[in-house]
Amino acid sequence: MNNSSTQSRSAALYERAQKVMPGGCSRNTVLRKPHPLYVDHGAGCYVTDIEGVSRIDYANNMASLIHGHAHTAVVEAVTAQLQKGTAFTLATEVEIEFAEHMCRRNDGFESIRFVNSGTEAVMGCLKAARAYTGRPKIAKAEGAYHGQYDYAEISQTANPSNWGDAHNPSSVPVAHGTPASALSDVIIIPFNQPEQAVEILNRHRDELACVLLDLMPHRGGLGPASPAFVQAIYAWTRENNVLLVFDEVITFRSNYGGAQEWYGVRPDLTAMGKMIGGGFPVGALAGRKDVMSVMNPLADTVLFPHSGTFSANPITMTAGLVSMEMFDKTAVSNLNHLANQARAGIAEAIQIADIPACVTGGGSMFRIHMKPEAPVTYRDAYMTPQESQHIQFLLDYLFDNGIIMINTCSGTLSTVMTEKEIEVLIETLLAGFRKIKQLL
Ligand SMILES: Cc1ncc(COP(=O)(O)O)c(C=O)c1O
């Protein structure tokens, strides 16, 4: 089953695509060598390409499809809304219903606003924190991906040639031409290193608006942050009147009220996105009423004017509401249980194949590393060229044998998966691990 033939329909489409888009796409995630495969349709946890090959989808559009593809309840609700219009300059009731639902999920969500992407949600949180505190700088963990806002993306792709001292990581730009001011306004702390992080934060306490944290950063290895790290950062922000912002764009799926429930820590603001849109573009920022009120357009002085043409459009609100209502406490717990089974099965397959690999993750996600020990920091998780090669080999093997993963060899589950799909995953992984063993 090799779909990479240059004669395929996908190859022909990619030739056309390259003529009109840099790299032939608007989104690098879809690229594969020698060309992307084009989709025909998705149904449940399966995706069928235009060559007619179906695969189990563990990528779920980068963790955003909590109920898989084309869930009947979402399709029906959105179809009904489509007939009535997609976007208005009048308010809609469904926005209020969805806002009420999201605020019920977490006591810390006293107030919420919707936007169109995770990037925008994180940007909104950082700007709200600056507006509230009147301070310019933000701190974030090395390697953590928070979307594409200049300040949020600093050091996201730091590597051994530019990341500097582990105790005092450098602020590394992602895009060429990033203003020097953005670099100096972003303080990088090492993930999961409480003492070192606090030492760095202390040096900037009077200039910081907020600390931005992902509690299980994908690029940091997809291991849950240690409770000691989260507690240390939380306590430091309380002592220094600096806001704490959690980026739960991916991790919100981990519990009914987000991964923050693992720690019993309430941030001042939470950024969300991905799955809460029910398959449509979305972002949201929620948290303390007094902080969120910097966006209140009715205030005498509006500290942070905030708007967006498609924000809270009724299609996203409808799909999001239906999807989140279905992702109730029982659904969350069942999904996490299935993911526990997957992680245990993968760990066993690694042991049987006897290769130096490990599996990390939490909630409904997992990531496979070609390293014997689970990484704790971004630098630990950083892949050597050989590890990268083995991960690519495994990804290709899985893909050719009917499984789509995220390109770091991470997987996310959807509620329409069953033990059957988990068994297929584990069997295919075992066969892939055995092939890697032969390369070692
Ligand atoms: C943790 C995290 N924050 C923010 C974002 C940005 O979200 P979006 O791609 O919707 O802009 C992502 C996207 O992968 C993410 O994983």
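The crossing of helix 12 and helix 15 is right-handed, a crossing being called right-handed if the near helix is turned clockwise from the far one by less than a right angle, and left-handed if anticlockwise. This is a predicted model, in which local features need pLDDT of at least 70 and side-chain atom pairs count only at pLDDT 80 or more, while totals for chains, interfaces and linings use all residues. Residues are numbered from 1 along each chain as its sequence is written, and side-chain values use heavy atoms, with hydrogens and water left out.

**Helix packing**

- Helix 12 (residues 329-353) packs with helix 15 (residues 419-439) at an angle of about 25°, and their axes are 9 Å apart; helices here are DSSP runs of H or I with at least four residues, strands are runs of E with at least two, and both are numbered from the N terminus.
- Axes are lines fitted to C-alpha atoms, for helices over the stretch in contact, and angles run from 0 to 180 degrees between N-to-C directions.
- Helix 12 and helix 15 are therefore roughly parallel to each other, given that angles under 35 degrees count as roughly parallel, over 145 as roughly antiparallel, 65 to 115 as roughly perpendicular and the rest as oblique.
- Helix 8 (residues 194-203) and helix 9 (residues 227-240) pack at about 20°, with their axes 9 Å apart, which makes helix 8 roughly parallel to helix 9.
- The crossing of helix 8 and helix 9 is right-handed.

**Ligand surroundings**

- Around the ligand are S117, G118, T119, Y145, H146, G147, D214, D247, V249, I250 and K274, where a residue counts as near if one of its heavy atoms lies within 4 Å.
- By class, this shell has 3 nonpolar, 5 polar and 3 charged residues; Ala, Val, Leu, Ile, Met, Phe, Trp, Tyr, Cys and Pro count as nonpolar, Asp, Glu, Lys and Arg as charged, and the others, Gly among them, as polar.
- An oxygen atom of the ligand lies 2.8 Å from a backbone N or O atom of G118, and a polar side-chain atom of T119 lies 2.7 Å from an oxygen atom of the ligand.
- In the side chain of K274, an N or O atom is 2.7 Å from an oxygen atom of the ligand.
- Of the 390 Å² of accessible area that the ligand has on its own, the protein covers 81%, with areas taken from the Shrake-Rupley method with a 1.4 Å probe.

**Backbone features**

- Most residues other than glycine have a negative phi, and most peptide bonds are trans.
- The peptide bond from K33 to P34 is cis, with omega near 0°, and P34 lies in the loop between helix 1 (9-20) and strand 1 (39-43).
- N60, although not a glycine, has a positive phi of about 45°, and its place is in helix 2 (residues 60-63).

Methods
A polar contact is a pair of N or O atoms within 3.5 Å; within protein, one must be able to donate a hydrogen and the other to accept it, and residues adjacent in sequence count only if both atoms are side-chain atoms.
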